[in-house]
Amino acid sequence: MTIRITWARAVAALLGLLVAGLLFAWSGVMNIAASSGHWPITDWFLHWTMRNSVRTHAAFSGPSDPADASGLISAAGHFANACAMCHGAPGVKPAPVMQAATPPAPNLAVNAREWTDKQLFWILQHGVKYTGMPAWAVQDRKDEVRRMVAFVRRLPGMTPAQYRALVGEPTPGTDLGACTGCHGQDGQGRGSPDIPVLGGQHPAYLLAALQGYASGRRSSAVMQQVAMRMQPAEMVADARRFAAMPGLGSAPTAGGAATSAARIVTQGLPARQLPACASCHAPGKPYPVIAGQRAAYIAQRLRQWRGDETVVDARKSHATMPVIARRIPEEMIDPLARYLAGSTR
Amino acid sequence: MRGEKFIAIMGLCWLLAGCNRHQSTLAPFGADAEAIRHLFIVMLVGAVGIAGFVAWLMRRAVRAPVGEMTHRKGMRLVLWLGGIVPTVVLLGLLAYSLPYMRPRPVAPADLRIAVDGEQFWWRVAYRAADGAPVLSANEIRIPVGRTVAFRLTAGDVVHSFWIPGLAGKMDMIPGRTNTLVVRADRSGRYRGQCAEFCGLSHALMALDVVAMEPAAFDAWLEGQRGPARGAVADVAGARLFAAQGCGGCHAVRGTAAASRIGPDLSRFGQRATLAAGILPMTTANVAGFIRHPQATKPGVRMPAFPQLSDAEAMAIARYLEGLK
């Protein structure tokens with residue numbers, strides 16, 4: 001007996017398959033237990049699909065400079081806080097609870113070699129569906145992702161001692177929010193260019209920053225991970241403790257008084273409707289102290305506020321600093337940051 | 001049929017919006033706008049007359065029996081009605097209207113007011129023959145019966161200065177100074193409007209114009225000199241104004257705030273409206289504008305101050321309203 005294939009029969013067969021599939025899903029026979037793992041062929045197919053997807057998307061979307069090795073301390077701190085639980089770290093085993101997932105998180109000391117920086121960036125920024133790998137908690141902090149790419153790149157070959165040195169030790173007893181790992185026991189940020197100096201800052205500003213990070217009003221995956229766990233009383237105490245340390249507030253170097261950066265600080269650029277920095281950032285005013293802050297941190301904050309140059313201003317934030325930061329000429333951001341930092345940083 | 005008529009009449013009701021005495025070419029309070037209205041009425045009457053004549057002529061031509069007019073007579077009609085009469089009428093109109101274009105003469109002693117168009121407000125500086133300029137914003141006061149010369153410039157993009165009841169439009173062009181000489185003939189409070197698309201809030205860039213009796217104007221202008229008065233109307237507000245950095249863009253004469261980036265606020269409490277003729281000047285409106293200016297004027301150059309609490313913004317607003 002021969003079966004002739006007609007259009008009607010082909011359509012009926014397809015519909016039959018669809019109904020059978022729906023019936024299978026409806027019946028609940030499909031076993032989604034993580035404990036049973038995947039068949040080898042399923043495992044291969046899913047990973048093959050994932051690798052292809054990352055390769056293709058990273059090729060078309062990643063930034064041209066996906067790694068930034070200048071700030072490994074904050075990346076290591078965040079890795080210890082948010083990633084090591086599943087992935088483990090040099091000298092730290094992953095939590096058995098997390099390794100019982102399907103698929104289990106890979107050991108990055110081995111696995112990181114399989115990816116290019118651009119691909120790591122894409123995975124860290126966007127996460128991977130169906131695997132438990134989350135996206136970066138905020139989507140507008142590519143600078144944090146770039147630092148993490150550089151850190152993950154260095155995981156193969158990193159010794160436990162090197163890792164512990166990067167993560168830093170919390171001070172037992174006094175460090176309520178585990179701040180000193182990155183910010184240092186002296187509030188100076190352990191010499192890392194991306195970590196701001198906290199000593200000498202207004203305590204009210206530090207408290208507002210912590211509250212902003214905890215609520216998501218201020219964007220940072222790294223700080224949010226820490227701040228969201230802090231009790232209100234801890235926030236107040238830590239803000240006060242760091243503010244009382246010496247640090248910020250040293251006057252900019254007198255030698256630079258005639259430069260255009262100094263002019264922006266004291267007079268602004270009226271032709272560009274840019275007000276003077278000192279009209280708000282001055283002693284006795286409620287705005288944060290920026291004199292003596294790290295130059296790289298100031299420049300990064302200003303660039304973060306400016307946002308994407310390809311988006312029109314009307315679609316960006318109209319809060320005070322984003323508007324002002326957009327009026328600073330791009331070529332003046334670094335000189336301005338260096339001038340504010342003074343000779344010490 | 002009745003319903004259709006009703007809808008047609010209602011549909012024309014928007015024309016009534018032109019019947020206001022605050023911002024209308026047809027309700028002039030200045031000599032130049034009066035001339036414009038006169039010219040408009042003469043042109044309108046003439047145009048209606050000519051249109052009526054043409055309609056009558058067409059009706060006759062359509063109904064005339066074939067052969068009523070010889071070819072020669074027809075050609076002569078074309079020559080007269082299509083050539084000679086229009087030429088004479090247009091030349092006559094030109095001769096009649098050209099004198100209106102003569103600029104009003106201005107004497108060195110006349111008041112000069114520099115108006116600078118900005119996104120989306122007006123920077124105003126009164127330059128009397130003697131004394132330092134008096135700075136203000138978004139409200140222009142002029143004396144009735146005296147010649148006033150506006151020096152019009154723009155700080156960012158092209159704007160157009162138009163007070164319909166006073167005179168015609170004049171463009172404000174960056175890098176160029178245009179002069180508009182006017183004379184108000186009737187006192188009162190009027191309104192102007194930016195008449196050249198200049199950005200998101202172009203339609204929200206209006207202007208209050210107050211025409212005053214000369215004696216009252218002189219007294220007013222004299223009172224504008226010197227430091228802001230009433231600066232202690234709200235001590236907490238004054239302190240917040242200084243601490244929050246408002247002086248980075250605004251000036252209040254007699255205080256540390258002396259920047260010329262944004263509007264001069266020295267006599268803010270005297271103005272009847274806020275945000276260049278957009279909101280009535282109430283404490284709540286001022287406080288709301290300080291915290292979220294974008295909500296009132298999209299694209300405004302002033303940054304938002306959401307970090308201020310309601311109470312703080314209200315205190316600053318009370319202080320500003322006290323500046324008279």
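Two residues are in contact here if their C-beta atoms, placed from the backbone, lie within 7 Å, and this is the sense in which packing is described on this tour of a predicted model.

Select residues 142-154 of chain A to bring up helix α7, which has 13 residues and reaches 19 Å from its first C-alpha to its last, close to the 18 Å expected at 1.5 Å a residue.

Now centre on A:Leu124, which, leaving aside its neighbours within four places in sequence, is in contact with A:Trp136, A:Val145, A:Met148 and A:Val149. Both A:Leu124 and A:Val149 are listed with A:Ala76, A:Phe79, A:Leu210, A:Leu336 and A:Leu340 as the residues with the most contacts inside the largest nonpolar core, which has 69 residues. It is α3(A) that gives the most to this core, with 8 residues. Apart from it lies another core, of 61 residues, including B:Leu180, B:Ala206, B:Leu207 and B:Ala251.

For the last stop, select residues 203-215 and 232-243 of chain A, helices α10 and α12, which pack at an angle of about 135° with their axes 8 Å apart. The two helices, α10(A) and α12(A), are therefore oblique to each other, and their crossing is right-handed. To see the contact itself, show side chains including A:Leu206, A:Leu210 and A:Gln211 from α10(A), and A:Met235, A:Ala239 and A:Phe242 from α12(A).

Notes
Residues numbered from 1 in each chain as written. Chains lettered and ligands numbered in written order. Predicted model: local features only at pLDDT ≥ 70, side-chain atom pairs only at ≥ 80, totals over all residues. Helix = DSSP H or I, 4+ residues; strand = E, 2+ residues; numbered from the N terminus. Expected span 1.5 Å × (residues − 1). Core = buried A, V, L, I, M, F, W, Y, C linked by C-beta atoms within 7 Å. Buried ≥ 20, exposed ≤ 12 C-beta atoms within 10 Å, placed from the backbone. Axes fitted to C-alpha atoms, helices over the stretch in contact; angles between N-to-C directions. Parallel < 35°, antiparallel > 145°, perpendicular 65-115°, else oblique. Left-handed = near helix turned anticlockwise from the far one by under 90°.
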